[in-house]
Amino acid sequence: MEFFRVKKDIPFMRHAVLLNAISLTVFALAVFFLVTRGLNLSVEFTGGTVVEVAYQQPADLEQVRSTLAGLGYEEVTVQNFGTARDVLMRLPPLPGVGSGEQSQAVLEALRAHDPTVELRRTEFVGPQVGQELATDGLLALMFVIVGITVYLAFRFEWKFSIAAIVANLHDVVIILGFFAFFQWEFSLAVLAAVLAVLGYSVNESVVIFDRIRETFKRQRKMSTPEVIDHAITTTMSRTIITHGTTEAMVISMLLFGGPVLHYFALALTIGILFGIYSSIFVATGVAMWLGIKREDLIKPQPQAVENPDDPNAGAQI
């Protein structure tokens, strides 16, 4: 199905050096922000108390934040949850203060401004559990990367495997860089989005790599950059249809999914956009610079040698 068929190959690789230089700059900035600012981890990772309260009228979030600041909570996540009247607060743990005492103190402080505030729920996540979740999340990320590397090495060639991993790490680090720069909350849902982006991005790379291998079989006179340009151009219709429909769904979650899905959808949006970019320019560019060629993908067929004086005539070498 080709709704957007392009007849003439687009010279993507002509601009590979410039675009990858831009990618390297963005990647370096993402690493810088991760090192200097770090991730704003949710209580699922750090441990703490989640308190949900309900107002009879739309809540004033700034008033809630100032009330919490008066209790010593300077940096607390305060957001609407479901409706404008429901407020969700994520409180860091305090030494010597239990979860029940913490939530009760917050409720009393809020009721001092509005006696109609109702406590809906209180949840406590211990720091040990949060540390285990963080460790398990990093292990899951590592296993996904190793699995993708092994799969591509067997499916195609080790140069493609390295190129795909470089592109995937490019996407992951940039997503984390955005969350570090803007200090968006990094939760388990966001981690799930990052893992989803890894699989989504490598799928696009596999499609392009497969078309590169087919082009090497059919077009023996094309150079490697020409083969890559042809492979990307011939898959553009599929790329537009697939990513267009996926992005429409993700943006719908971002706009209408509410606070619960907001950062999950935001991570997916960033990941899909950079995943398309990295599959087209980063993965193929790295593969080209690693020296991918026809002989790496198309193994020479053994030829039969006929010798009438040889008793093993017709044997293949």
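Helix α6 is largely enclosed by the rest of the structure, because 18 of its 25 residues are buried. The model described here is predicted, and every value below was computed from it. The end C-alpha atoms of α6 lie 36 Å apart, which agrees with the 36 Å that its 25 residues should span at 1.5 Å a residue.

**Overall form**

The protein chain contains 11 helices and 6 strands. Its radius of gyration is 27 Å, well over the 20 Å given by the globule rule for 317 residues, so the chain is more spread out than a compact globule. Taken along the principal axes, the C-alpha atoms fill a box of roughly 105 × 45 × 30 Å. Of the 317 residues, 43% count as buried. The chain exposes about 16900 Å², and carbon and sulfur atoms supply 62% of that area. Among contacts with a separation of 6 or more, 76% are made by residues 24 or more positions apart.

In soluble globular proteins, nonpolar side chains tend to be buried together. The largest nonpolar core in this model has 56 residues, and Phe160, Phe209 and Ile212 have the most contacts inside it. Two or more residues of this core come from each of α1 (16-36), α5 (127-155), α6 (158-182), α7 (188-218), α8 (224-234), α9 (236-256) and α10 (259-289). Helix α10 gives the most, with 14 residues.

Leaving aside neighbours within four places in sequence, Phe160 is in contact with Leu152, Phe209, Ile212, Ala287, Ile292 and Leu297. Two of these partners, Phe209 and Ile212, are themselves named with Phe160 as having the most contacts inside the core. A second, separate core has 17 residues, including Ala59, Val64, Tyr73 and Met89.

**Strand β2 and its partners**

All 7 of the 7 residues of strand β2 (residues 48-54) are buried, so this strand is largely enclosed by the rest of the structure. Strand β2 is joined to β5 (residues 118-125) by 7 bridges, and the two run antiparallel. Strand β2 is also joined to β4 (residues 83-91), by 6 bridges and again in antiparallel fashion. Val50 illustrates both pairings: its bridge partner in β5 is Glu123, and in β4 it stands opposite Arg90.

**Individual positions**

| Residue | Relative accessibility and class |
|---|---|
| Phe156 | 10%, buried |
| Gln183 | 34%, partly exposed |
| Thr235 | 4%, buried |
| Ala267 | 0%, buried |

Phe156 lies in the loop between α5 and α6. Not counting residues up to four places away in sequence, Phe156 touches Val206, Phe209, Asp210, Arg213 and Leu297. With Val206 the sequence separation is 50 residues, while the C-alpha atoms are separated by 8.9 Å.

Most residues other than glycine have a negative phi. Gln183 is found in the loop between α6 and β6 (185-186), and its relative accessibility of 34% makes it partly exposed.

Thr235 is found in the loop between α8 and α9. Because its relative accessibility is 4%, Thr235 counts as buried, the limit being under 20%. Its contacts, with neighbours within four places in sequence left aside, are Val207, Ile208 and Arg211.

At 0% relative accessibility, Ala267 counts as buried. Beyond its neighbours within four places in sequence, Ala267 is in contact with Ile175, Phe179, Val190, Ala193 and Val197. The C-alpha atoms of Ala267 and Val172 are separated by 9.6 Å, although the two residues are 95 residues apart along the chain.

Terms used. Residues are numbered from 1 along each chain as its sequence is written. This is a predicted model: local features need pLDDT of at least 70, side-chain atom pairs count only at pLDDT 80 or more; totals for chains, interfaces and linings use all residues. Side-chain values use heavy atoms; hydrogens and water are left out. A nonpolar core is a set of buried Ala, Val, Leu, Ile, Met, Phe, Trp, Tyr and Cys residues joined through side-chain atoms within 4.5 Å. Buried means under 20% relative accessible area, exposed over 50%, partly exposed in between (1.4 Å probe, protein chains only). Helices (H or I, at least four residues) and strands (E, at least two) are DSSP runs, numbered from the N terminus. Contact means heavy atoms within 4.5 Å. Two strands pair if DSSP finds at least two bridges between them. The expected span of a helix is 1.5 Å times one less than its number of residues. The radius of gyration is taken over C-alpha atoms; the globule rule is 2.2 Å times the number of residues to the power 0.38. Accessible areas come from the Shrake-Rupley method with a 1.4 Å probe; for residues, only the protein chains shown count as cover.
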